[in-house]
Amino acid sequence: MPDLSTDTPTACLALADGTIFYGMGFGATGTTVAELCFNTAMTGYQEIMTDPSYAGQIVTFTFPHIGNVGVNPDDDETSDPVAAGMVVKWMPTQSSNWRAAQELGDWLRQRGRIAIGSVDTRRLTRAIRQQGAPHVALQHNPDGIFDIAALVAKARAFNGLEGVDLAKDVTCAQSYRWDEMRWAWPEGYTRQNDPKHKVVAIDYGAKRNILRCLASAGCDVTVLPATASAEEVLAHDPDGVFLSNGPGDPAATGTYAVPMIQSLLNNTDLPIFGICLGHQVLALALGAKTVKMNHGHHGANHPVKDTETGKVEITSMNHGFAVDSQSLPTGVLETHLSLFDGSNCGIRMADRPVFSVQQHPEASPGPQDSFYLFERFADSMAQAKLAKV
């Protein structure tokens, strides 16, 4: 690890309150402005950086060993990193893993993402928890020359994520089919050749592994852009509709997502399943409200209680907004809650196969604690078909 008392810092992280963190830059050079969050996961940094839900955010990793297994194409959740940048304690060492195809620093540089190492991430994380997710400017300059006043001004000028629709920035440009299933030893990724259910997945920033889990649950998946109308959804004659994860303020995305979902709810009896942002926009469509959290939930060790079974699941989380459980209307039940702070993590309609969760069951943190949710969705579609016979 470089000694900042003797080595010239080549990167600088400026918080909007004027706090400055110096470190050593890697990845791309330049400047980026975003909201700063922290993630407590010990593994999965590549999946985190390529998760579309991190659009508009720089990620501080609390675990110090970031980069030690390199990167590889199989672990991308989308084609390129979406998170604006990364902050780590120790500079990445040479990777040591049989799956590694590239070094983290090279991967970030080629894809235009800035990173800073040699940072006191414990102090930084404490500041985020106490003061809320700050607006920051991150600069990597190999010459070690920084205009601190300008960086702080950039951080202060950042408008934040409230009221911002980022789903339109990360959604697919056109519809496509998906049949790749979850990775399994020794075959790796295989194809779903005998699907039982037709599913339309609305892409608010969908992770590939969510789509794989749907395929593994027996689904023939057609992915539609975030702005798809109810008519476009129904034109595919689906057995069920999936609402994906995604970034930004759910209320902003809801300006087009909520009317579409409400049209499905009012005119069909299709099973609906949502995850993350999909959970939040479904709640909005049902009449609930969402709120901005102080610093959000980002990690792979979050305990969530199923209020209906009493089971506690270890889950992966990534969200800065939450459904206000006090605003849930009659007929909408709270099914899951966070054991960290009691915030809402799941809902369902009392009389229809419509449900959603805040956590990410596809991320395998338990490692399989929450996979039953995909099976529940498949079962609800099977039961709906039987009811029509």
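Biologist: Which residues of α10 are buried?

Modeller: This is a predicted model, in which local features need pLDDT of at least 70, side-chain atom pairs count only at pLDDT 80 or more, and totals for chains, interfaces and linings use all residues. Residues are numbered from 1 along each chain as its sequence is written, and side-chain values use heavy atoms, with hydrogens and water left out. Buried means under 20% relative accessible area, exposed over 50% and partly exposed in between, with a 1.4 Å probe and protein chains only. By that rule the buried residues of α10 are Y372, L373, F374, F377, A378, S380 and M381.

Biologist: How far apart are the end C-alpha atoms of helix α10?

Modeller: Helices (H or I, at least four residues) and strands (E, at least two) are DSSP runs numbered from the N terminus, and the expected span of a helix is 1.5 Å times one less than its number of residues. Helix α10 has 17 residues, 372–388, so it should span 24 Å, and this agrees with the distance between its end C-alpha atoms, which is 24 Å.

Biologist: Is the ring pair of F273 and F374 stacked, tilted or edge-to-face?

Modeller: Rings of Phe, Tyr and Trp (its six-membered ring) pair if their centres lie within 6.5 Å, and planes under 30 degrees apart count as stacked, over 60 as edge-to-face and the rest as tilted. The whole structure holds 7 aromatic pairs. Because the rings of F273 and F374 have centres 5.7 Å apart and planes at 80°, the pair is edge-to-face.

Biologist: Where does A257 lie, and which residues is it in contact with beyond its neighbours within four places in sequence?

Modeller: A257 lies in helix α8, and it counts as buried because its relative accessibility is 0%. Contact means heavy atoms within 4.5 Å. Leaving aside neighbours within four places in sequence, A257 is in contact with Y204 and V281.

Biologist: At what distance does the side chain of N141 reach the backbone oxygen of I145?

Modeller: N141 is placed in the loop between β7 and α4. A polar contact is a pair of N or O atoms within 3.5 Å; within protein, one must be able to donate a hydrogen and the other to accept it, and residues adjacent in sequence count only if both atoms are side-chain atoms. The side chain of N141 reaches the backbone oxygen of I145 at 2.9 Å.
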